[in-house]
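Me: I have some questions about how features in this model get their labels. Please set each value against its cut-off.

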Amino acid sequence: VVVIGGGLAGLSAARNLREKGLDVVLLEARDRVGGRTHSQRLDSGLTIDLGAQFIGDVQPTISALVDEAGLTRVAIQHKGKKLHAATLDATPQKIAIDSLPLSMFGYLDLSQMVLRDRLLQTQMDKPDKLAELDSQTIKEHVHGKTFLQQTRDAYLRFVENGLCTSMDDISAYELLHNARNMGGFEAFQDTEQWCLKEGTNAIADFLATKVGHESLRLGHPVTSIEQDSGGVTVRTAKGVFCGKKAVVAIPPQLYATAGVLPLLSEPRQRAISEFRLGKAIKTLLVFEQPWWRAEGLSGAVDDPEGDFPEILDGSPADASAGILVCFSTGPYAVKLKDTSEEERIGMVLQRLSTLYRRDIPRPIAARSVDWSTEEWSLGGYASRRAPGAWSKAETGAELFAPCGHLHFAGTETATAWRSFMDGALNSGVRAADAVAEQLRAESGAAV
């Protein structure tokens, strides 16, 4: 079996295929495994995550894998107040870390909308309801379900930060499907419980050892795929690889580059070509210590008019360093698309100085990564269907169904925890099971 992509989905698929006794070769374009996870070890010995970072106990697959690999969880700081700046010029307020900047009536408005959406998730697959929700943008949906502008602003910003794209670009069905896919909106609140001392790339490295380094081909971007009755032929600049089956475990936005798109039906090609790419810039500041804690602050910042609207404390458990993780997603990332890494680091330091009303200590290390410029990702955290795609059978639930000898994995294809690392891992297991079942059916013998 040829596995295309060495992120968590591809590694998960390859591991499970190997455990089923199948021969596997995994082709990865980068010179490393991990995909949209990417950890960097600093000179101090500290590891920071430039890509996907946070996990929660509600995510069973990745939680079990962290335990199996013997990795070290680090609790995300939830003690102390959060800074909220209503506008660029407003004096920041210190509010509870788990609160939203809403009045009592705003909270009531939010509660009634969440309850109505929870009920809607039980009805959303009825043909008429699916068509209605898939034709509405998220912004239109929220405006129709709320009464107060403060509720709309807070909720849309929260969702926009999580989905990494404009609320005018994806449908209400996409939002509700993703929420149901992870067990409801409430589960999302528990996805930022932990990060890993060793970095999330340690998960990929662990899986790579299970696959076997002799089966990995790094620096092998796929340029074309052919299939016939005997199997698949996958071409790279460094060689040709043949197999009975292939697992495509790269983001959908790379299907054209890898030669996958021409093998699909026209409706599937069009739907994938129209995917909305997530826009995500992640900036990390590493200080000698978490200096904000001495002021009774959590390090969390809610700054809706700033360029870095969400900031979290990602410091190590022993507080041997202070790490602020700063996110610019969706329209915020688009606004910063022409800035350099150095410019963004300077901008966030200047903004923090304004928010904290003091001089900020000089960081001992800093990084800023725009995932839209990463050649083998073209965005983060995940890409999504355009409005109207879910309501068509071939481009909705069946979009990533097997195509001949091709099977599909990746967090965008996940049936649980889509757009999360847990979803990527789940999708790899599902694809491996489907490949084994197809080979079993074709051979008439157990695989």
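Me: Which residues does Arg 351 touch, not counting residues up to four places away in sequence?
Reply: This is a predicted model. Arg 351 touches Ala 85, Thr 87, Leu 88 and Asp 303, with those sequence neighbours left out. Arg 351 itself is found in helix α13, residues 341-356.

Me: Why does Arg 351 count as buried?
Reply: Buried means under 20% relative accessible area. Arg 351 has 13% relative accessibility, so it counts as buried.

Me: What makes Tyr 155 and Phe 185 an aromatic pair, and why is it called edge-to-face?
Reply: Ring centres must lie within 6.5 Å, and planes over 60 degrees apart count as edge-to-face. Here the centres are 6.4 Å apart and the planes 70° apart.

Me: What makes the pair of Phe 275 and Phe 400 edge-to-face?
Reply: The planes are 85° apart, with 6.3 Å centre to centre. The angle cut-off is over 60 degrees, so the pair is edge-to-face. Phe 275 is buried, and so is Phe 400.

Me: How do you know that the charged end of Arg 385 is close enough to sit over the ring of Trp 390?
Reply: The charged end sits over the ring, 3.7 Å from its centre.

How values were computed. Residues numbered from 1 in each chain as written. Predicted model: local features only at pLDDT ≥ 70, side-chain atom pairs only at ≥ 80, totals over all residues. Heavy atoms only, no water. Phe/Tyr/Trp six-rings, centres within 6.5 Å; stacked < 30°, edge-to-face > 60°. Buried < 20%, exposed > 50% of the residue type's maximum accessible area, 1.4 Å probe, protein only. Lys NZ or Arg CZ within 6 Å of the ring centre and 35° of its normal. Helix = DSSP H or I, 4+ residues; strand = E, 2+ residues; numbered from the N terminus. Contact = heavy atoms within 4.5 Å.
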